[in-house]
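Trainee: I would like to go through this model term by term and ask what each label rests on.

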Amino acid sequence: MVSTYSLIQCFTTTDKLVTVKVDNNLRDACDVQTVDLPMPSSGEILVKTHYSGVNAADYLMALGRYLASTPPPHDLGAESVGEVVAIGDGVDNLKVGDHVLSIGDGGFKEYFITKARRAIPVPHSAPEIVSLGVSGLTASIAMERTAQMTTGETVLVTAAAGGTGSIVVQLAKIAGNTVIGTCGNDDKVAFLNSIGCDRPINYRQEALKDVLKNEYPDGVDIVFESVGGEMFDTSVKALAVHGRVIVIGAISEYESGPQPVNRPRIGYS
């Protein structure tokens, strides 16, 4: 038995965003497709999307540059929050009208199917809740498990005003650490100040290398690095003894592709 809102019983189709070909132009790589409205099977729920997150992975998948192979056609959207509008047999942990956060089920859809056990119940649908999915889990696992962050450390976050970086800043401050954050304009500097970043750096106005050398001569304990290229090199050179680098992305290479490395780039002389 499938229980549904009477509202969706009026519809038989729904729209979703799909990568249809590999292309350097994102608009040409993707297409909006109309498909049959799915109904949940046993153990599944149907969710009406309210908000979706936009991640670097979505962009790279559409351009055929993701680490894992993602040949077209494939659905896009890694995270979303929405309202349960139908449930399948055997679902007893959720009901129609509940709101859930979903990760990995194609968030760029008007409606999507997911396993009820995979859905994370939330009080309501809101944009800030979406950020706790991919970005929130990436930040918390990277810092707490991989970097083994403690208290009293110095943490450098590149692209600190971004979705994941801003969560790392807050987690590091909650843990009692000194946080340095790079960003690209004064509005982002103000934002970083507002979330507790101890030393925001607008890299277009200040050289990261000079700030680290002059203000943090003992080095940094943890680097959460999202930019790549020269930013990565500078960050690694600034590591303290027993410092850790978490590489989470390479924003500087997203447009032009991976930079060739044909000689040693990092020296400590």
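Mentor: Start with pairing: two strands pair if DSSP finds at least two bridges between them. Helices (H or I, at least four residues) and strands (E, at least two) are DSSP runs, numbered from the N terminus. The model is predicted, so local features need pLDDT of at least 70 and side-chain atom pairs count only at pLDDT 80 or more, while totals for chains, interfaces and linings use all residues. Residues are numbered from 1 along each chain as its sequence is written, and side-chain values use heavy atoms, with hydrogens and water left out.

Trainee: How many helices and strands does the chain have?

Mentor: The chain has eight helices and 14 strands. Its C-alpha trace spans about 70 × 40 × 30 Å along the principal axes.

Trainee: What makes S2 and S3 a pair?

Mentor: Seven bridges join strand S2 (residues 13-19) to S3, and the two run antiparallel. The rule asks for at least two bridges, so S2 and S3 pair. Threonine 13 has aspartate 36 of S3 as its bridge partner, and threonine 14 stands opposite valine 35 in S3.

Trainee: How do you know that S2 pairs with S5?

Mentor: Two bridges join these antiparallel strands, and at least two are required, so the pair qualifies. Valine 18 stands opposite aspartate 75 in S5. The three strands form an open sheet in the order S3-S2-S5, with antiparallel pairing.

Trainee: Why are S3 and S5 called edge strands?

Mentor: Strand S3 (30-36) and strand S5 (74-75) each pair on one side only.

Trainee: What is glutamate 44 in contact with, leaving aside its neighbours within four places in sequence?

Mentor: Contact means heavy atoms within 4.5 Å. On that basis, and with those neighbours left aside, glutamate 44 touches Ile87, Gly88, Val91, Ile113, Thr114, Lys115 and Ala116. Its C-alpha is also 8.7 Å from that of alanine 86, 42 residues apart in sequence. Of the chain's contacts with a separation of 6 or more, 62% are between residues 24 or more positions apart.

Trainee: What makes a set of residues a nonpolar core?

Mentor: It is a set of buried Ala, Val, Leu, Ile, Met, Phe, Trp, Tyr and Cys residues joined through side-chain atoms within 4.5 Å. The largest such core has 21 residues, and those with the most contacts inside it are Met143, Val157, Val169, Leu192 and Phe224. Two or more residues each come from helix H4 (134-146), strand S10 (154-157), helix H5 (163-174), strand S11 (178-183), helix H6 (186-194) and strand S13 (220-225). H5 gives the largest share, four residues. A second, separate core has twelve residues, including Leu156, Val220, Val227 and Met231.

Trainee: How do you know that the length of H5 agrees with its number of residues?

Mentor: The expected span is 1.5 Å times one less than the number of residues. For the twelve residues of H5 that should be 16 Å, and the end C-alpha atoms are 17 Å apart, which agrees. Its buried residues are Thr164, Gly165, Ser166, Ile167, Val168, Val169 and Ala172, and they pack against H4, S10, S11, H6 and S13. Just after H5, glycine 176 takes a positive phi of about 90°.

Trainee: Which strands form the open sheet with parallel pairing?

Mentor: Five strands do, in the order S12-S11-S10-S13-S14. Strand S12 (199-202) and strand S14 (239-247) are at the edges because each has a single partner strand.

Trainee: What makes S13 and S14 a pair?

Mentor: Five bridges join these parallel strands.

Conventions:
Buried means under 20% relative accessible area, exposed over 50%, partly exposed in between (1.4 Å probe, protein chains only).
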